Amino acid sequence: GVERRSIQAHEHRSAETETTAASPSQHGLRFRQLLNGLQCTEEQLAFVEGHRLRQMLRGVNAIAASEPVALAFENLYEDLAPVRFACDVLFWRLERPLVDAAK
């Protein structure tokens, strides 16, 4: 009766949650692209001018190296427009020094 319908409803909601969690959103995909685009080695970092820029790039590498941390940042990027804007600006700011260091 009622208990069986409740269990079925719970199982249905659980299946929807699993499906949603397995399918990254457009913003989630964008965050991962940005994150992957800034991956670099310590050797590459040696050619980046500016201690602060190197430290920020190391921070990006640390985020990417830990899946739970990357997922937490991805969730913030997906859910909060101000965070999304700030990340876009930050990634845009960090990308140029990396390109220049590769020359």
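**View 1. Helix α2 passes helix α5 in a right-handed crossing.** A crossing is called right-handed if the near helix is turned clockwise from the far one by less than a right angle, and left-handed if anticlockwise. This is a predicted model, in which local features need pLDDT of at least 70 and side-chain atom pairs count only at pLDDT 80 or more, while totals for chains, interfaces and linings use all residues. Residues are numbered from 1 along each chain as its sequence is written, and side-chain values use heavy atoms, with hydrogens and water left out. Helices here are DSSP runs of H or I with at least four residues, strands are runs of E with at least two, and both are numbered from the N terminus. The axes of α2 (residues 26-37) and α5 (residues 67-79) come within 9 Å and cross at roughly 130 degrees. That angle makes α2 oblique to α5. Axes are lines fitted to C-alpha atoms, for helices over the stretch in contact, and angles run from 0 to 180 degrees between N-to-C directions. Under 35 degrees counts as roughly parallel, over 145 as roughly antiparallel, 65 to 115 as roughly perpendicular, and the rest as oblique.

**View 2. The residues where α2 meets α5.** From α2, look for His27, Gly28, Arg30, Phe31, Arg32, Leu34 and Leu35. On the α5 side, the contact (heavy atoms within 4.5 Å) is made by Glu67, Ala70, Leu71, Phe73, Glu74, Tyr77 and Glu78. Sorted by class, this contact has seven nonpolar, two polar and five charged residues. In this scheme Ala, Val, Leu, Ile, Met, Phe, Trp, Tyr, Cys and Pro are nonpolar, Asp, Glu, Lys and Arg are charged, and the others, Gly among them, are polar.

**View 3. Glu74, a buried residue of α5.** Glu74 has a relative accessible area of 8%, so it is buried. Buried means under 20% relative accessible area, exposed means over 50%, and partly exposed lies in between (1.4 Å probe, protein chains only). Not counting residues up to four places away in sequence, Glu74 touches Pro24, Gly28, Phe31 and Arg32.

**View 4. Helix α4 passes helix α6 in a left-handed crossing.** Here α4 and α6 (residues 81-102) pack with their axes 11 Å apart, at an angle of about 115 degrees. The two helices are therefore roughly perpendicular to each other. Leu53, Met56, Leu57 and Val60 of α4 make the contact with Leu90, Phe91, Arg93, Leu94, Pro97 and Leu98 of α6. By class, these residues divide into nine nonpolar, no polar and one charged.

**View 5. Arg58 on helix α4.** Staying with α4 (residues 51-65), we come to Arg58, which counts as partly exposed at 28% relative accessibility. Leaving aside neighbours within four places in sequence, Arg58 is in contact with Glu42 and Leu45. Gln39 is 19 residues from Arg58 in sequence, and their C-alpha atoms are 8.9 Å apart.

**View 6. Two buried cysteines, Cys40 and Cys87.** Cys40 counts as buried at 12% relative accessibility, and Cys87 counts as buried at 13%. The structure holds zero disulfides, a disulfide being a pair of cysteine sulfur atoms within 2.5 Å.

**View 7. Stepping back to the chain, with six helices and zero strands.** Read along the sequence, the pattern is α-α-α-α-α-α. Of the 103 residues, 23% count as buried. Among contacts between residues at least 6 apart in sequence, 66% join residues at least 24 apart.
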